[in-house]
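Student: Hi! Could we go through this one together, starting with the ligand?
Tutor: Happy to, here it is.
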Amino acid sequence: MEKLIVRGGRRLFGTVRVSGAKNAVLPVIAATLLGTTPSTLEDIPDLEDVRTIAEVLEHLGASVRIEPGTLYIDCTKITALEAPYELVRKMRASFLVMGPLLAREGCAKISLPGGCAIGTRPIDLHLKGFEALGAEIITGHGFIEARAPQGLTGARIYLDFPSVGATENIMMAASMAKGQTIIENPAEEPEIVDLANMLNHMGANIRGAGTNLIRIEGVSELKGACHAVIPDRIEAGTYMVAAAMTGGDVYVENALIEHLKPVIAKLKEAGVVIEEDINGVRVRGTGMIRSVDIKTLPYPGFPTDMQAQLMALMTIAQGTSIVTETVFENRFMHVDELKRMGASIKIDGRSAVVEGVAKLTGCQVKATDLRAGAAMVLAGLVAEGQTEISYIHHIDRGYDNLVEKFRGIGADIERVG
Ligand SMILES: CC(=O)N[C@H]1[C@@H](OP(=O)(O)OP(=O)(O)OC[C@H]2O[C@@H](n3ccc(=O)[nH]c3=O)[C@H](O)[C@@H]2O)O[C@H](CO)[C@@H](O)[C@@H]1O
Ligand SMILES: C=C(OP(=O)(O)O)C(=O)O
């Protein structure tokens with residue numbers, strides 16, 4: 001089994017460049033299914049999840065060519081309407097092909113994604129949205145089938161929770177529905193805006209993405225488009241925390257400060273020095289970290305995808321911090337692993353009480369999920385001795401060239417096995 005070996009104690013210096021965002025590129029790739037001509041996507045990160053969704057599209061009949069940083073996707077011909085368990089199980093975002101398939105072909109059958117380490121993650125809001133647009137939903141034998149042989153019709157849809165995936169799936173389906181769709185209480189994440197931009201490049205008519213009301217005027221056809229995805233705010237945040245934890249001085253190039261406000265605010269509160277400019281952020285750790293409380297919320301609140309990394313930072317802060325997770329019901333898998341490294345953390349319902357310790361010690365730990373894995377790397381960077389991280393396929397899902405990027409700023413990290 002492949003592992004990451006991190007030897008702690010080095011301060012990080014230099015420049016690291018942020019890649020295109022995983023959570024933007026996956027829906028954008030799904031959206032290319034709506035285009036009757038080829039699409040070209042740029043700033044594509046080198047990630048396992050990108051290869052998985054590309055495989056899903058190929059399975060549906062698309063032709064996909066991956067070159068470093070660029071994806072060429074031709075969905076002129078769609079030959080299948082079913083996404084199998086082997087692919088959906090690997091990555092929940094595969095479910096994002098349902099909206100485009102339903103809109104373009106009037107039918108889609110996708111394997112039920114199932115739960116995962118961070119929670120049960122139902123898809124009821126996606127399905128309610130499709131039903132409101134006139135689709136019939138049939139569930140059985142581990143699959144969900146959506147049918148709308150006469151096409152979809154625009155509707156007013158209120159989301160009980162601003163789900164990122166449901167907003168994306170509904171936006172894609174509604175872009176080709178007859179008439180107007182209004183999504184109330186949609187997710188406002190930057191990745192929603194990026195998807196709306198891609199869809200509008202393809203010929204859709206979507207207004208209000210990034211606010212709490214999205215208006216979509218359906219169109220009868222969408223073409224392929226050329227689109228560059230936004231930088232990954234979670235990858236950026238992870239390197240920012242690494243600089244802060246190691247008392248380093250790192251320029252995180254291509255970080256979009258507009259998208260990082262809640263993370264920057266918390267790091268500043270913790271005593272980290274941050275200088276922002278148009279091309280990125282310079283992050284300097286002072287060697288002393290103050291404890292801060294964190295509560296995850298939908299955007300523009302503090303992102304759940306940065307919770308584990310900030311908790312790693314808090315394990316070596318002065319004082320006690322309370323980390324509250326409100327988005328996913330089970331996103332504290334990293335706590336036991338951090339405790340193995342000497343952290344002092346108690347879970348109390350949806351909160352974790354973290355008491356800063358003077359030092360962490362390296363040991364064998366697991367990457368229980370993607371961001372938990374990132375937290376292990378961060379803890380390993382400051383731990384005494386060697387940290388051995390297993391189950392790193394989780395990390396490979398979402399971090400482009402993590403080992404090379406960390407080595408580039410002076411970390412002692414290698415992949416073995
Ligand atoms: C590929 C991608 O972009 N993944 C991101 C996306 O996941 P994803 O789109 O799955 O996250 P959602 O915003 O949908 O989920 C948020 C919460 O809503 C619940 N829910 C969601 C849909 C639904 O139909 N019913 C329901 O109850 C979920 O179980 C969860 O508790 O947003 C999450 C929240 O910012 C991030 O952590 C993920 O990194
Ligand atoms: C939870 C995440 O991703 P996904 O929704 O793809 O599981 C993440 O990026 O932290």
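Tutor: Keep in mind that this is a predicted model. An oxygen atom of ligand 1 sits 2.5 Å from an N or O atom in the side chain of Asp305.

Student: How much of ligand 1 does the protein bury?
Tutor: The protein buries 83% of the 730 Å² that ligand 1 exposes when taken alone.

Student: And what polar backbone atom is an oxygen atom of ligand 1 2.8 Å from?
Tutor: That one belongs to Val164. There is also a side-chain case: an N or O atom of Asn23 lies 2.9 Å from an oxygen atom of ligand 1.

Student: How many residues surround ligand 1?
Tutor: There are 17, and the closest are Asp124, Leu125, Ser163, Asp305 and Val327. By class, that shell has eight nonpolar, five polar and four charged residues.

Student: Which element gives the largest share of the shell?
Tutor: α5 does, with three residues. Both α5 (124-132) and α6 (164-174) supply at least two residues each.

Student: What about the domains around ligand 1?
Tutor: Domain 1 (1-18 + 230-414) and domain 2 (20-226) each give at least three residues to the shell.

Student: Switching topic: what volume does the second largest pocket have?
Tutor: Its volume is about 310 Å³. The lining of this pocket has 19 residues, with Met245, Gly287, Ile316, Val357 and Ala358 nearest its centre.

Student: Which elements give two or more residues to that lining?
Tutor: Those are α8 (233-245) and α12 (370-382). By class, the lining has 11 nonpolar, five polar and three charged residues.

Note on methods
Residues are numbered from 1 along each chain as its sequence is written. Chains are lettered from A and ligands numbered from 1 in the order in which they are written. This is a predicted model: local features need pLDDT of at least 70, side-chain atom pairs count only at pLDDT 80 or more; totals for chains, interfaces and linings use all residues. Side-chain values use heavy atoms; hydrogens and water are left out. A residue is near a molecule or strand if one of its heavy atoms lies within 4 Å of it. A polar contact is a pair of N or O atoms within 3.5 Å; within protein, one must be able to donate a hydrogen and the other to accept it, and residues adjacent in sequence count only if both atoms are side-chain atoms. Accessible areas come from the Shrake-Rupley method with a 1.4 Å probe; for residues, only the protein chains shown count as cover. Helices (H or I, at least four residues) and strands (E, at least two) are DSSP runs, numbered from the N terminus. Ala, Val, Leu, Ile, Met, Phe, Trp, Tyr, Cys and Pro count as nonpolar, Asp, Glu, Lys and Arg as charged, and the others, Gly among them, as polar. Domain bounds come from an automatic or database domain assignment. On a 1 Å grid over the protein atoms alone, a cavity is a set of points where a 1.4 Å probe fits but cannot get out, and a pocket is an open set with protein on both sides within 12 Å along at least five of seven lines; lining residues have an atom within 4 Å of a point. Grid points are joined across faces, edges and corners, and a volume is the space filled by probe spheres set on the points.
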